[in-house]
Amino acid sequence: MENKDLHDVYLFGQVLGTHSFLLKDGFLQPDIYSEIDKQYFLPGGETGTAATVLASLGTSVLMDGTWIGTEVATMLKKFYSDKKVDLSSLTFTDDSGVVDYVVIAGLVRSPMGRFQNLFSTGERWWNIPREEDIACARVAAVDPYFRDESVLAAKICMKHDIPYVTIDSRHDSFLHKNAAVNVISHECSDQEYAGMTPEKVVELMQKETDGLTILTQGGGDMLYARRGEPVHRCKPFSVDVKSTLGAGDTFKAGCVYGLLHGMDDEKLVHFASACSAVAISRFPLPLYPPKLEEVQALLG
C-alpha cells in the first residue's frame, strides 16, 4: 500500500461548485422582481463545505468524492491553495462538472441542481475510495450518497479502526450501524420517518448502533443518545441569522472535530452546535468559516 502523508481527517462525499445568491428584500415571489444583494461561486457540497470549516478550525484534511469538472476545478484549486486541504485524490475531468444554485433570504433558502438526473443515469460520477487515503487519517466522515462506494469507505475505516461521522443514514443501514456519529437532519427524519416524533426517531436509531445518534431540528432542540441511554436535549445557540446555507455541513464538521479531539457526547454536540451558529451568522460561509476562537467564545 502506497505511503501517504498523514492527515487529521479523511472526507468522502459531495464536492462541487455552488452558485449562491443572497436576496435583498425577502424570498422569491411569483411574478415579483427580486434584487440580488450578493452572489458568489465557491466550494460547496456536504464534503466541500466540511473541508472548508475543518481547515478553518486548524485541522488538516484529505478529501475525495465527486469528479471535478472544468467549471469547478480552477475555482476549487485556487480556493484551497492556501489551506490545509489536500485535493490530490480528486479526479479532474474534461466536462463542465457538478454545480448547484442556491437562492437565500435569511432563514429561507432553495437549492437547485440536476442531481436527480445525475443519479438516475446509474453511472458513477465519483471516485472509488482508496485504502491508502483512509489509512493515513485519524478520523473520517463518510456521506451516504455514493452507494456502494460510501459503504466501502466505511468498511475501510473499520478495517483500520478509524472512527467516522456520517449524516442522514437510516437506522437499518451499514453506515449508521457502524458510525461513531450519525447526524440526522429534520429534512431526513421528515422524509424517512414521516409521522414519527423526533424522540421516537432517536429511540429507533439508538438501538441499532453503539455510536452516537444526533437529530437536528433547525431552530429547535437537538436530540442525542447512545444505545441504552435516555434521549438528551441541547438548545441551539441564538444568533442573528444571515444565511442557513451550510449550517448542517458545518455541524457535521464540528462533530468530526469533536471526535478527533476526544470530546464526550455533550461537549461534542455543543461544539458542533456552536460551529453551526457561527456559520449562519455570516455570508458567504466559505469566505468566512468559523474560527476556533469564535466557537470557543460562543461556548463561553
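**Entry 1: the second largest pocket**

I began with the second largest pocket of this predicted model and looked up its lining, which has 18 residues. Asp95, Ser96, Gly97, Val98 and Leu118 lie nearest the centre of this pocket. I noted a space of about 330 Å³ in the second largest pocket.

I then looked up which elements supply the lining. Strand β6 (99–105) and helix α3 (115–120) each give at least two residues to it. The largest share is that of α3, with three residues. Sorted by class, the lining of the second largest pocket has seven nonpolar, six polar and five charged residues.

**Entry 2: α1 against α9**

Next I looked at helix α1, residues 46–56, and helix α9, residues 247–260. Their axes are 8 Å apart, and the two helices pack at an angle of about 55°. That angle makes α1 oblique to α9. I recorded the crossing of α1 past α9 as right-handed.

Which residues of α1 meet α9? On the α1 side I listed Glu46, Thr47, Thr49, Ala50, Val53 and Leu54. On the α9 side I listed Asp249, Thr250, Lys252, Ala253, Val256 and Tyr257. The contact of α1 with α9 has six nonpolar, three polar and three charged residues.

**Entry 3: α9 against α10**

I stayed with α9 and turned to its packing with helix α10, residues 265–280. The angle is about 145°, and the axes are 8 Å apart. The crossing of α9 past α10 is right-handed.

From α9, I wrote down Ala247, Thr250, Phe251, Gly254, Cys255, Tyr257, Gly258 and Leu259 as the residues making the contact. From α10, the contact uses Leu268, Val269, Phe271, Ala272, Ser273, Cys275, Ser276, Ala279 and Ile280. How many charged residues does the contact of α9 with α10 have? I found no charged residues there, with 12 nonpolar and five polar ones.

**Entry 4: α10 against α11**

I followed α10 onward to α11. The axes of α10 and α11 come within 9 Å and cross at roughly 115°. This makes α10 roughly perpendicular to α11. The crossing of these two helices is right-handed.

In α10, the residues that meet α11 are His270, Phe271, Ala274, Cys275, Ala277 and Val278. In α11, I noted Leu292, Glu294, Val295, Leu298 and Leu299 as their partners. The residues of the contact of α10 with α11 divide into nine nonpolar, one polar and one charged.

**Entry 5: two backbone details**

I ended with the backbone. Most peptide bonds are trans, and most residues other than glycine have a negative phi. I looked up two places with this in mind.

Where is Pro284 found? I located Pro284 in the loop between α10 and α11, the latter being residues 292–299. A cis peptide bond joins Phe283 and Pro284, with an omega of about -5°.

The other place is Asp161, in the loop between α5 (147–159) and β9 (164–167). Asp161 is not a glycine, yet I noted a positive phi of about 55° for this residue.

Terms used: Residues numbered from 1 in each chain as written. Predicted model: local features only at pLDDT ≥ 70, side-chain atom pairs only at ≥ 80, totals over all residues. Heavy atoms only, no water. Axes fitted to C-alpha atoms, helices over the stretch in contact; angles between N-to-C directions. Helix = DSSP H or I, 4+ residues; strand = E, 2+ residues; numbered from the N terminus. Parallel < 35°, antiparallel > 145°, perpendicular 65-115°, else oblique. Left-handed = near helix turned anticlockwise from the far one by under 90°. Contact = heavy atoms within 4.5 Å. Nonpolar A, V, L, I, M, F, W, Y, C, P; charged D, E, K, R; others polar. 1 Å grid on protein atoms, 1.4 Å probe; cavity = no way out; pocket = protein on both sides within 12 Å on 5 of 7 lines; lining within 4 Å. Points joined across faces, edges and corners; volume = space filled by probe spheres on them.
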